[in-house]
Amino acid sequence: MTKDECKKIVIEIIADIAPDEDLSDVKPDVRLRDQLELDSMDFLDIVMELRKRYQIEVPEADYIQLASLDSCAEYLTPKFDALV
Amino acid sequence: MSKVDVAIIGCGMSGLAAGIRLAHFGRDVCIFERHNAPGGLNSFYSLGGRKFDVGLHAMTNFVRPGVRGSPLGKLLRQLRIDRDELDLAEQRRSRIAFGGTNLLFSNDFELFESQIADRFPGQMDGFRRLIRTVRDHDDTKLEQEEISARQVVGTHLQDPLLIDMLLCPLMYYGSASELDMDWTQFVTMAKSIYLEGFCRPFDGVRVVIRTLLNRYRQAGGQRRMKCGVRRIETGDGRVRRLLLDNGEEVEANHVISSIGLAETGRLLDPPGDSPVTDKPGQLSFIETMTVFREPTEVLGWGADTIVFINHGERFEYARPDDLVDPRSGVICFPNNFQYGDRVPSEGVLRVTALANPEGWMTLPEDTYRAEKAEWFKRIQESAQKVLPAPALNPAGSSVATDMFTPRTIRKFTGHINGAVYGSPQKTRDGRTGYSNLILCGTDQGYLGIVGALLSGISMANLHVLKPQV
């Protein structure tokens, strides 16, 4: 999986959790929290959707890795690759 | 003996919300409901071919689409529900009417501010400070110190009339405590009613319930109607199994009870002790419903959506000595929201007043009926005092009536004393002293439909979903 594909998956998840957010121009290097209205409940849902859809586990200590799209891709791509 | 991962007791708003969250994330969840209709305290029924909402006047917490960080927005996200499904129409405007003094408010806070500036000019600075304090208080935190709302409000405002007028809608729409309320509850209610606002689906509460049921089913949740829980068997500080009304036994890893604190406590076997104490609520209501052949506007009552009234010297939100306290109450015209092109064919008037639970519970059947008829009349008279003179004779236009009392509430919701808002004692974190028994709903302390939904969501998140992440 490429990092861009990984980012696309994260965006898809956010789109389902927060359909009222405009996701057309999310900057990959800026913290998601700083450009979208996402609270801790929403981040918990991103983690749970990752597990539900892809069986990917994100331990609480690693939540910080999901801060921006870039850091998501950095952290999650190896996890996706490990699945296959 | 059957097994589920999570058993939820009660198919009201909070139980359904908890169920949707759990089912969505793949948990094996089943809701057990004693009645045949879902909705709990906010259910609906049919009578003489007409559909009635059990208790709903309005949904609180209305914000327009695009408003950030609101409780309504939060619950729509958490339940993956599209806002349009709820079909929310805004109120026209509402009113607090105490004697000759009126304060109008709507979903635009500026109206309320200007009304207070006009009627209570000397209190305006204090009112602004109070509202800032309300905005700054994080009422979603689970740990809260219990402080008297009257005490906090009293540091900002001096005029007892204004204080009573501010408290009246907040107490009537959510307080389980008499005369005063908890400060955090005050903040939650003030935000949901004054800073946010009232709305209602055109077809009433069934729209909300249908949406929730569909979502729950689609997520894979199970429910068993007419299948109440008779006993909660415990041992070693946890729930071992549930015994259903039909004698069946169910084992569950987690049990979420939405039926109330004392009500849950009474099912425990062996009987438990603190913190699931037996301290049921004392506050209940009667409510009259009148359906008119003509729409509300034609009757001459088209301006108000909800009116909170008090004719007494002071406002006393307490259990009356008599069967009913006719001095204060709430008038609601559920068909008088901004429904746009959709015009309800009939007008509906609902009037609520405080009632004495034991008084109504102990009446023999024939006296019960006679008292209902008597109080129906008196409550209508009390309401008419603050409504504009009707354009038509209301009695001549009336085509159907109904009424509920504390007895009705107890029968259909199981709430001890017919206490709509449950016990004055709330367990905000949902803990019960039993490791796998969690409380949500009324006695968890979030209020109204939006509060109940958030209660189910947050308790499912906190106690079941999050520990697994």
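A: Two strands pair if DSSP finds at least two bridges between them. The strands themselves (E, at least two residues) and the helices (H or I, at least four residues) are DSSP runs, numbered from the N terminus. The model is predicted: local features need pLDDT of at least 70 and side-chain atom pairs count only at pLDDT 80 or more, while totals for chains, interfaces and linings use all residues. Residues are numbered from 1 along each chain as its sequence is written, and chains are lettered from A and ligands numbered from 1 in the order in which they are written.

Two hairpins come first. Strands β10 (residues 229–235) and β11 (residues 238–244) of chain B pair in the antiparallel sense, with 6 bridges. Within this pairing, B:Ile232 has B:Leu242 of β11(B) as its bridge partner. The hairpin formed by β10(B) and β11(B) leaves 2 residues between the strands, and B:Asp236 in the turn has a positive phi of about 55°.

Burial is set by counting other C-beta atoms, placed from the backbone, within 10 Å of a residue's own: 20 or more make it buried, 12 or fewer exposed, and values in between partly exposed. B:Val4 counts as buried because it has 20 C-beta neighbours inside 10 Å. Leaving aside neighbours within four places in sequence, B:Val4 is in contact (C-beta atoms, placed from the backbone, within 7 Å) with B:Asp28, B:Val29, B:Cys30, B:Val250 and B:Ala252.

Helix α4 (residues 124–136) of chain B has 13 residues. From first C-alpha to last it reaches 18 Å, close to the 18 Å expected at 1.5 Å a residue, where the expected span is 1.5 Å times one less than the number of residues. The buried residues of α4(B) are B:Phe127, B:Leu130 and B:Val134. Seen down the axis of α4(B), these buried residues fall within an arc of 60° (the arc being that of the directions from the helix axis to the C-beta atoms), so they line one face of the helix. An α-helix has 3.6 residues a turn, so residues three or four places apart point the same way. The face of α4(B) turned away from the buried side carries the exposed residues B:Asp125, B:Arg132, B:Arg135 and B:Asp136. Among what covers the buried residues of α4(B) are α3 (109–119), α5 (149–156) and α7 (183–196) of chain B.

At the level of domains, whose bounds come from an automatic or database domain assignment, chain B is given domain 1 (2–60 + 205–279 + 425–468), domain 2 (92–196) and domain 3 (282–413). The centres of domain 2 and domain 3 of chain B, taken over C-alpha atoms, are separated by 24 Å. In the contact between these two, domain 2 of chain B supplies 19 residues and domain 3 of chain B supplies 22 residues. On the domain 2 side, β6 (94–98) and α6 (160–172) of chain B are the elements that give two or more residues, and α6(B) gives the most, with 7 residues. By class, this side of domain 2 of chain B has 11 nonpolar, 3 polar and 5 charged residues. Ala, Val, Leu, Ile, Met, Phe, Trp, Tyr, Cys and Pro count as nonpolar, Asp, Glu, Lys and Arg as charged, and the others, Gly among them, as polar.

Some backbone details remain. Most residues other than glycine have a negative phi, and most peptide bonds are trans. The peptide bond from B:Asp269 to B:Pro270 is cis, with omega near 0°, and B:Pro270 lies in the loop between β13 (268–269) and β14 (284–292) of chain B. B:Arg80, in the loop between α2 (71–79) and β5 (88–90) of chain B, has a positive phi near 55°. B:Arg80 counts as partly exposed, with 16 C-beta neighbours inside 10 Å. B:Leu179, in the loop between α6 and α7 of chain B, has a positive phi of about 65°. B:Leu179 is also partly exposed, with 14 other C-beta atoms within 10 Å.
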